[in-house]
Amino acid sequence: MSRDWVDADQTDEYLIDYLFDLNGYIVVKKAVQKQDLEEMNLWVDDHWNFVDGKCRRTDEDSGNWIGHVETHTYSGADGCNFQNIIEGGSVFRRMINYPVWIDHCRRFINPTNGLSLHENLLNIRGQGGYIGIHGGGAIPLCYLTFRQENTGEWMVGQIDVIIALQDVGPGDGATTIIPGSHKSAMKHPMLLQEGYRSDVTAGAQVGMKEIYLESGDVLMFADALTHGSAARTNPGYRRIALYRYSSRLLRCRFNYVPSEALMASLNDEQREIIQPIPPRYAPGQKS
């Protein structure tokens, strides 16, 4: 089996860059500390009553809210998303600039472009749930860019960091990717008629590879990859968190306004990621 992973304490930046450039993704083993995992899982346990039947599509209606965290689903099959999860507690704020991955994201997106958190969520997905195949380097969306010049300068439009809160193995509805598809000039056959995405489960599609993770592992990949997830066939629920990083010029996906309490709790580096372009007010305008 080909190697697509590094340990969390990996110091060989060249190896990380090579694997990310080659495949469009990399797995970081044991990336998240045990205490942080326990805190995130405890948050899920404490809010389990929101999981089934209470997540609504934000483009149709406002979801149920837990303070400044919104419950949401893209299609129903993808499960329950706790969107804006950084408002859910200190452990989720720590993930904003977690040392294991934040410098890699900043380097790949390029310091010239700055860094912002385009989307952040915690996802719970039950039996039968999946995500349809979508994305690919041939699709003309600004955040699906991927460029690595011979000078060593990167320009990646968006990087997804998936944190496994529990083991994700065969039958658990793993994330699926097509290695190298971030550089493809051709759309996936399933997308020829459907454009950006297909609602057919991604697991069994041509070229797809399931990425299995142990609790605490992280999958970091360019959003330009053609990806999705396999249908979960096992009983129970998959638990992951997703932090999606982009250039500072790309707004928050669902236009959430950071709460005053959140902004006050962040350190300078986190605050710059959450609000890289602070609002400017005209004289007398409410601030």
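A residue is called buried when its relative accessible area is under 20%, exposed when the value is over 50%, and partly exposed in between, using a 1.4 Å probe and protein chains only. By that definition Cys-105, at 0% relative accessibility, is buried. The structure is a predicted model, in which local features need pLDDT of at least 70 and side-chain atom pairs count only at pLDDT 80 or more, whereas totals for chains, interfaces and linings use all residues. Residues are numbered from 1 along each chain as its sequence is written, and side-chain values use heavy atoms, with hydrogens and water left out.

**Helix α2**

- Helices (DSSP runs of H or I, at least four residues) and strands (runs of E, at least two) are numbered from the N terminus.
- Helix α2 comprises 13 residues, 34-46, and spans 18 Å from its first C-alpha to its last, close to the expected 18 Å; the expected span is 1.5 Å times one less than the number of residues.
- The buried residues of α2 are Asp-36, Leu-37, Met-40, Asn-41, Trp-43 and Val-44.
- Viewed down the axis of α2, these buried residues fall within an arc of 150 degrees and so line one face of the helix; the arc is taken from the directions between the helix axis and the C-beta atoms.
- Lys-34, Gln-35 and Asp-46 are exposed on the face of α2 that is turned away from its buried side.

**Salt bridges**

- Side chains of opposite charge can pair when their charged atoms come close.
- A salt bridge is counted when a side-chain nitrogen of Lys or Arg lies within 4 Å of a carboxyl oxygen of Asp or Glu, and the whole structure contains 17 of them.
- Arg-94 and Glu-39 form a salt bridge through their side chains, at 3.0 Å from N to O. Arg-94 belongs to helix α3 (residues 90-94) and Glu-39 to helix α2, so the pair ties together parts that are 55 residues apart in sequence.
- Both partners are partly exposed: Arg-94 has a relative accessible area of 31%, and Glu-39 stands at 27% relative accessibility.
- Asp-45 is partly exposed at 45% relative accessibility, whereas Arg-239 is buried with a relative accessible area of 9%.
- Arg-106 and Asp-103 form a salt bridge in which the closest N and O atoms are 3.3 Å apart. Both residues lie in helix α4 (residues 102-109), 3 residues apart, about one turn of the helix.
- Arg-106 is partly exposed at 24% relative accessibility, as is Asp-103 with a relative accessible area of 48%.

**Nonpolar surface patch**

- Tyr-14, Tyr-18 and Leu-22 make a nonpolar surface patch of about 370 Å².
- Patches are made of residues with over 30% relative accessible area and no salt bridge; like charges are joined within 9 Å, and nonpolar side chains (Val, Leu, Ile, Met, Phe, Trp, Tyr) within 5 Å. Accessible areas come from the Shrake-Rupley method with a 1.4 Å probe, and for residues only the protein chains shown count as cover.
- Tyr-14 lies in helix α1 (residues 13-23) and is exposed, with a relative accessible area of 64%.

**Cysteines**

- A disulfide is a covalent bond between the sulfur atoms of two cysteines.
- With a disulfide defined as a pair of cysteine sulfur atoms within 2.5 Å, the structure holds 0 disulfides.
- Cys-105 is in no disulfide, and its nearest cysteine sulfur, that of Cys-252, is 17 Å away.
- For Cys-142, the closest cysteine sulfur is also in Cys-252, at 15 Å, too far for a bond. Cys-142 is exposed, at 59% relative accessibility.

**Loop prolines**

- Pro-258 lies in the loop between β16 and α5 (260-265) and is partly exposed, with a relative accessible area of 23%.
- The C-alpha atoms of Pro-258 and Gln-275 are separated by 8.2 Å, and the two residues are 17 apart along the chain.
- Pro-235 lies in the loop between β15 (227-229) and β16 and is exposed, at 62% relative accessibility.
- Pro-235 and Gly-89 are 146 residues apart in sequence and 29 Å apart in space, C-alpha to C-alpha.
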